[in-house]
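Please keep the sequence and the model in view while reading.

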Amino acid sequence: MTFTTNIVPLDREKHGDLKLNVVNSTEHIRDQQLIPIMAAEAVNAAIYFPLMFAKDAGTGALKFVGLVGIEPGENLIYEEGRANADFVPIDVKRYPFYVSKDIENNLITLCINETASALSSEQGDPIFTANDEESPVINNAKEIFTILQHQYNHTEAFIEFLTRNNLLIESNLNLVVDGEEVQVAGLLRINEKAFYDLDDEQINLAHKNQFTPAIHAHLISLATVQRLIDLKRDKAAT
C-alpha cells in the first residue's frame with residue numbers, strides 16, 4: 001500500500017476548519033521496515049525491536065533506525081489503530097505536522113499533511129480557535145519540534161562519534177521464519193569490543209555527551225529480533 005502525502009505550509013484561511021482526531025497516528029510509517037529513532041529514545045525503544053544503523057536511500061547519510069519488519073514494506077510494530085509496543089517514537093508524536101526550513105533566511109515554517117486521515121472538519125481538536133488563533137494542538141506540535149530538533153542534533157553527534165571512532169560494522173541478519181531463510185541486508189551495528197577498547201578520553205567523551213545509554217540500549221536491543229519473528233508468525237496465523 002502506497003502512502004500519499006500533500007505537505008503544505010499551515011495556513012489559517014485554508015486550514016481554519018480542520019481538526020485533529022487521532023493522536024499518535026502511525027499511517028505515515030505503516031509500510032516502513034525501518035523507522036527513525038533518536039538516540040535519546042533508545043533506552044525506551046530497545047525492549048520492543050532492534051535498533052540499528054542504515055544509510056538513507058536518498059542522501060546516503062547514516063541514520064539511527066528501528067527495525068520493525070523482517071521484509072521490505074513490513075511494519076510489525078506500528079499498525080494504524082494498534083501497536084505492539086508501549087513506546088511511541090517522536091516521529092509518530094509529531095505527525096501529521098512537519099517543518100520546512102529556509103536556512104538562508106533563517107526561517108522555519110510549520111507544515112501539515114493535508115491527506116492525513118487524522119484530519120477532518122467534523123471530529124477532533126481544532127487546529128485553530130474560533131478567533132483564528134493557534135490552538136493547543138499547534139502549540140503542542142511546536143513543542144514537539146523543539147524537542148525533536150534537540151534530539152536530532154544529539155543523534156547526529158552520536159553517529160559522528162561512532163563513525164569517527166570506526167565503531168560501526170556491517171550486520172546483515174540471517175533469520176529463519178517458519179523454516180524459510182530471510183536476510184535483512186544493509187544494516188550496521190556497533191562493534192562492542194571496539195567500543196570497550198576505546199581509550200579513556202573517548203570513553204569519557206561518550207559518557208559526557210550521553211552517548212553511552214544509547215550504545216548499551218542498541219546492543220541489548222539486538223536480542224529482540226526473535227520478537228519480530230514471533231510477531232510475524234502470529235500475524236500469519238490470524
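Contact here means heavy atoms within 4.5 Å. The model is predicted, with local features needing pLDDT of at least 70 and side-chain atom pairs counting only at pLDDT 80 or more, whereas totals for chains, interfaces and linings use all residues. Residues are numbered from 1 along each chain as its sequence is written, and side-chain values use heavy atoms, with hydrogens and water left out.

**Asn165**
- Leaving aside neighbours within four places in sequence, Asn165 is in contact with Leu198 and Gln202.
- Asn165 sits in the loop between helix H4 (136–164) and strand E12 (168–170), where helices (H or I, at least four residues) and strands (E, at least two) are DSSP runs numbered from the N terminus.
- With a relative accessible area of 16%, Asn165 is buried, a term that means under 20% relative accessible area with a 1.4 Å probe and protein chains only.
- A polar atom of the Asn165 side chain lies 2.9 Å from the backbone oxygen of Phe161.

**Pockets**
- A pocket is, on a 1 Å grid over the protein atoms alone, an open set of points where a 1.4 Å probe fits, with protein on both sides within 12 Å along at least five of seven lines, and its lining residues have an atom within 4 Å of a point.
- The largest pocket has a volume of about 1100 Å³, this being the space filled by probe spheres set on the grid points, which are joined across faces, edges and corners.
- Its lining has 34 residues, of which Pro36, Asp91, Arg94, Leu148 and Tyr152 lie nearest the centre, and H4 gives the most to this lining, with nine residues.
- The second largest pocket holds about 210 Å³ of space, and of its 16 lining residues Leu20, Val23, Lys93, Val137 and Asn140 lie nearest the centre.
- To the lining of the second largest pocket, H3 and H4 are the elements that give two or more residues, and H4 gives the most, with four.

**Aromatic rings**
- The structure holds nine aromatic pairs, in which rings of Phe, Tyr and Trp (its six-membered ring) have centres within 6.5 Å, with planes under 30 degrees apart counting as stacked, over 60 as edge-to-face and the rest as tilted.
- The rings of Phe49 and Tyr78 are edge-to-face, because their centres are 6.3 Å apart and their planes stand at 75°.
- Both Phe49 and Tyr78 are buried.
- One aromatic cluster is formed by Phe53, Phe64, Phe158, Phe161 and Phe211.

Notes: Buried means under 20% relative accessible area, exposed over 50%, partly exposed in between (1.4 Å probe, protein chains only). A polar contact is a pair of N or O atoms within 3.5 Å; within protein, one must be able to donate a hydrogen and the other to accept it, and residues adjacent in sequence count only if both atoms are side-chain atoms.
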